[in-house]
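Open the model in your viewer and keep the selection tool at hand. We will go from stop to stop, selecting residues as we go.

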Amino acid sequence: MVDLDGKGFGTRAVHGAGAPDPQTGAVVPAISVASTFAQEAVGKPLAFEYSRSGNPTRAALESHLAVLEAASHGFAFASGLAAEDALLRLLGPGDHALLPTDAYGGTIRLARRVHEPAGLLVDTVDLTDLDALRAALRPETRLVWVETPSNPWLRIVHIEAISAVAHDHGALVVVDNTFATPALQQPLALGADVVVHSTTKYLGGHSDVVGGFAATNDDELAERIGFLQNAAGAVPGPLDCYLVHRGAKTLQLRMARHAASAMAVAQMLSDHPAVSAVHYPGLATHPGHAVATRQMSAFGGMVSFQVEGGEGAALEVCRSTEVFTLAESLGAVESLIEHPARMTHASVAGSSNEVPGDLVRLSVGIEDVEDLLGDLRQALDALERPR
Ligand SMILES: Cc1ncc(COP(=O)(O)O)c(C=O)c1O
């Protein structure tokens, strides 16, 4: 294996994927479909014994993604929410968890509707406000959950500052790094204890797999996460592991293109009369721009915006793009458009985390940027024409 010490992210993304197979010379790991592995003697397995506990293709993915997050331990899960569920299971009844007000709707649903009934105490707080965080901490607070940039508002949370406050209080910090990816942001180096991903998104990168991942440098936490991975069993199959492993090798290239095009899209939207607000941390006017500039190497591929005509106009925009496909999810090569209030964030309707109907979210893909700008422009220009 190439010595990765001091190597750049692009080199680690390619060569951190593993060394050629010593027996065959294959430069990619085999998709190892065995569910069980022969043992030398009773209680003497070779490297693996049973594929829920460990599988060669999954192990290749776990060590690859751990390299990208500069973590000593990595764990792959069947989905992003399965990884999040394992992390919330680190807490017990009576423990208190603080989540951001605008976390992914499924994260809030998991905490509120699965873990709260089992005794976890859950509150949401605006993590862009350190005083609000301090006020929300309780003696029993064990976890502060960060998502930055956030979904769907693209708010920026200062990972280092939040980690300092949470650690002073004895609470763990988990960062959902799905939107930024390790190519643009390294939460463990900024003080977080655990980083979590929906690998369904940028790490996989091609809309063809659902998966999750968690990584840490803390040996004790790693042991507990590894136990939960095996004991609860929400593990990905080998083909899914292979797809994420393959996708992650091109992460740096894709993120550079996503970010450059998203910036062009955000600038075009800012100048369009049918748009009332644009949320993209790369814009100097974004309230989190200064922090994003410090903790991210580029601002990512997600943009959200609000339209002048309210919900009807937002739905019309979602209906009338062509290059941007109307679909949930994000982070893949193709551009997607969606209406958070009725789609990804419908599960938080009626709560304090509800999102307004005039909001549209874009996942900016890697198509030619002129085609993306033209597609959005025609959809927005149509709103301006008298009907
Ligand atoms: C930021 C974020 N975290 C976690 C998840 C959940 O991941 P999955 O759908 O792979 O379970 C999502 C899904 O959209 C997400 O956007």
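A residue counts as exposed when its relative accessible area is over 50%, as buried when it is under 20%, and as partly exposed in between. Keep in mind that this is a predicted model.

**Stop 1: a charged patch**

Select Asp218, Asp219, Glu220 and Glu223. Together they form a negative surface patch. Is glutamate 223 buried or exposed? Its relative accessible area is 63%. The cut-off for exposed is over 50%, so glutamate 223 is exposed.

**Stop 2: a nonpolar patch**

Next, select Ile31, Val33 and Leu239. These three make a nonpolar surface patch of about 280 Å². Zoom in on leucine 239. Helix H8, residues 238–248, holds this leucine. Leucine 239 has a relative accessibility of 47%, so it counts as partly exposed.

**Stop 3: arginine 112**

Move to arginine 112. Find it in helix H4, which spans residues 105–115. Its relative accessible area is 29%, so arginine 112 is partly exposed.

Which residue forms a salt bridge with arginine 112? Select glutamate 116 to see the partner. The closest N and O atoms of the two are 2.9 Å apart. Side chains of opposite charge can pair when their charged atoms come close. Glutamate 116 is partly exposed too, at 28% relative accessibility.

Now show what else touches arginine 112. Setting aside neighbours within four places in sequence, arginine 112 is in contact with Pro117, Val122, Asp123 and Thr124. Take valine 122 from that list. Arginine 112 and valine 122 are ten residues apart in sequence. In space, their C-alpha atoms are 6.8 Å apart.

**Stop 4: a salt-bridge network**

Select Asp123, Arg138 and Glu140. A network of salt bridges links these three. Look at one link, between glutamate 140 and arginine 138. Their closest N and O atoms are 3.2 Å apart. Glutamate 140 counts as partly exposed, at 23% relative accessibility. Arginine 138 is also partly exposed, at 28%.

**Stop 5: a buried pair**

Go on to glutamate 338 and arginine 361. Their side chains meet in a salt bridge, with 3.2 Å from N to O. What does this pair tie together? Glutamate 338 lies in strand S13 (residues 336–338) and arginine 361 in strand S14 (residues 359–363), so the bridge ties together parts that are 23 residues apart in sequence.

Check the surface here. Glutamate 338 has 1% relative accessibility, so it counts as buried. Arginine 361 is buried as well, with a relative accessible area of 2%.

How many salt bridges are there by this rule? The count comes to eleven.

**Stop 6: histidine 167**

For the last stop, select histidine 167. This residue lies in helix H6, residues 159–168. Histidine 167 counts as partly exposed, at 35% relative accessibility. Which residues does histidine 167 contact, leaving aside its neighbours within four places in sequence? Select Val173, Gly191 and Asp193 to see them.

Histidine 167 and leucine 253 are 86 residues apart in sequence. From C-alpha to C-alpha, they are 35 Å apart in space.

Conventions:
Residues are numbered from 1 along each chain as its sequence is written. This is a predicted model: local features need pLDDT of at least 70, side-chain atom pairs count only at pLDDT 80 or more; totals for chains, interfaces and linings use all residues. Side-chain values use heavy atoms; hydrogens and water are left out. Patches are made of residues with over 30% relative accessible area and no salt bridge: like charges are joined within 9 Å, nonpolar side chains (Val, Leu, Ile, Met, Phe, Trp, Tyr) within 5 Å. Accessible areas come from the Shrake-Rupley method with a 1.4 Å probe; for residues, only the protein chains shown count as cover. A salt bridge is a side-chain nitrogen of Lys or Arg within 4 Å of a carboxyl oxygen of Asp or Glu. Lys and Arg count as positive and Asp and Glu as negative; His and the chain ends are not counted. The place of a charge is taken as NZ of Lys, CZ of Arg, CG of Asp or CD of Glu. Buried means under 20% relative accessible area, exposed over 50%, partly exposed in between (1.4 Å probe, protein chains only). Helices (H or I, at least four residues) and strands (E, at least two) are DSSP runs, numbered from the N terminus. Contact means heavy atoms within 4.5 Å.
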